[in-house]
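Colleague: I'm new to this, please walk me through the structure step by step, starting with how you name its parts.

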Amino acid sequence: MEERMLQRAGRKVGVVGLGAWQLGADWGTVDDRQALSVLSAAVEAGVSFIDTADAYGDGRSEQLIGRFLRGGGVQGVMVATKMGRRVMPQHPSIYTLDNFRAWTDRSRANLQVERLDLVQLHCPPPAVYQDDAVFDALDTLVEEGRIAAYGVSVETRAEALAAIARPGVATVQLILNMLRLGPLEEVLPAARAAGVGVIARVPLASGLLSGRYDEHTTFAADDHRTYNRHGEAFDVGETFSGVDFSTGLEAVRRLRPLVPDGITMAQFAMRWIIDQPGVSVVIPGARTPDQARDNAAAADAAPLSQEASAGVREIYDELIAQQVANRW
């Protein structure tokens, strides 16, 4: 698999990683055996970057990853976790060095490591980005050897730019897919110029861009695609990328003819992200080993044609931009 450098972290990672939210919670039931099979299939397919968080299943995702990596003697996989979202309500005052130490100690135990590869603030309140003490505390964690590098997972383009401006930030994680083109014009060029890695999450718009859903598709009660369609639990942009389901389905119908022969709709969606200058790694989730293998295969697809890329932009401008362009 093609590798790209996370410059400030000093690590290379494969361009397709694995997002592990679904291994913890909020995507329906995934039992331990299934989760471990997904992890194994992903790594065997060349994945070398796994993204998780302490809030995913209250640590279950981290624990499963730690169990897999330590039990199988897997080497060379970079694990990025996140911290901050386990504490509610969210307030800037919780982002302190003492809390960071406690939170990272818990993640270190869950992942069974002495030092965390990468820790990201997990979509913190906007005021956090302007607080020098927060980033001084993160620098202290690096100095203490608790973490190797840190980044920020963001909701908006303004937050991404604020994070990129911080000299110690190694990565920015954001939503980027064919239904969320906002970061292309300013955020990705700024990240490239600063040497900040870009982790692209929600690449399939919560599965919409897999092409497997229609108007009759339903989701489990414990799946955020059921209970967060209007932002009832967290930012609505995390569910179907903030696009209403019916509009998303129409966009997929119009995107489908652009898919090249020999690849799936999902691989087309991920290849589009990989082709964007500045993207370091895309992190699709997977609930089955076959999904993990198919996702990894997107790295082998040929770069998309200019015609296909222009078609994506046209569909976005006509159907999607009015819902998301001014919000995220």
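Modeller: Helices (H or I, at least four residues) and strands (E, at least two) are DSSP runs, and they are numbered from the N terminus. Please also keep in mind that this is a predicted model.

Colleague: Okay, then where does Arg 271 lie?

Modeller: Arg 271 belongs to helix α9, which covers residues 265–274.

Colleague: And is Arg 271 buried or exposed?

Modeller: Arg 271 counts as buried because its relative accessibility is 5%, and buried means under 20%. Leaving aside residues up to four places away in sequence, Arg 271 touches Ala 298, Ala 299, Ala 301, Ala 302, Pro 303 and Leu 304.

Colleague: What about His 224, which residues does it touch?

Modeller: His 224 sits in helix α7, and its relative accessible area is 0%, so it is buried. Its contacts, again not counting residues up to four places away in sequence, include Trp 21, Asp 26, Trp 27 and Glu 238.

Colleague: Which residues does Val 202 touch?

Modeller: Among the residues that Val 202 touches, beyond those up to four places away in sequence, are Ile 175, Leu 176 and Glu 238. Val 202 lies in the loop between β9 (197–201) and α7 (224–227), and with 14% relative accessibility it counts as buried.

Colleague: Switching topic, how many salt bridges are there?

Modeller: The structure holds 23 salt bridges. As background, side chains of opposite charge can pair when their charged atoms come close.

Colleague: Which side chain does Arg 86 meet in a salt bridge?

Modeller: Arg 86 pairs with Asp 58, at 2.9 Å from N to O. This pair links distant parts of the chain, 28 residues apart, with Arg 86 in the loop between β5 and α3 and Asp 58 in the loop between β4 (49–51) and α2 (60–71). Arg 86 is partly exposed at 34% relative accessibility, and Asp 58 is partly exposed at 45%.

Colleague: And what is Asp 105 paired with?

Modeller: Asp 105 forms a salt bridge with Arg 146, and their closest N and O atoms are 2.5 Å apart. Here too the pair links distant parts of the chain, since Asp 105 is in helix α3 while Arg 146 is in the loop between α4 and β7 (150–153), 41 residues apart. Asp 105 counts as partly exposed at 35% relative accessibility, whereas Arg 146 counts as buried at 18%. Both belong to a network of salt bridges that also links Asp 98, Arg 101, Arg 108, Glu 114 and Glu 144.

Colleague: How about Glu 250 and Arg 253, what separates them in helix α8?

Modeller: They are separated by about one helical turn, because they are three residues apart in that helix. Glu 250 and Arg 253 form a salt bridge, with the closest N and O atoms 3.8 Å apart.

Colleague: Now the backbone: which peptide bond is cis, with omega near 0°?

Modeller: The bond from Met 88 to Pro 89 is cis, and Pro 89 is found in the loop between β5 (78–83) and α3 (97–111).

Colleague: And what is the phi of Phe 240?

Modeller: Phe 240 has a positive phi of about 55°, although it is not a glycine. Phe 240 is in the loop between α7 and α8 (245–255), and it is buried, with a relative accessible area of 2%.

Technical notes:
Residues are numbered from 1 along each chain as its sequence is written. This is a predicted model: local features need pLDDT of at least 70, side-chain atom pairs count only at pLDDT 80 or more; totals for chains, interfaces and linings use all residues. Side-chain values use heavy atoms; hydrogens and water are left out. Buried means under 20% relative accessible area, exposed over 50%, partly exposed in between (1.4 Å probe, protein chains only). Contact means heavy atoms within 4.5 Å. A salt bridge is a side-chain nitrogen of Lys or Arg within 4 Å of a carboxyl oxygen of Asp or Glu.
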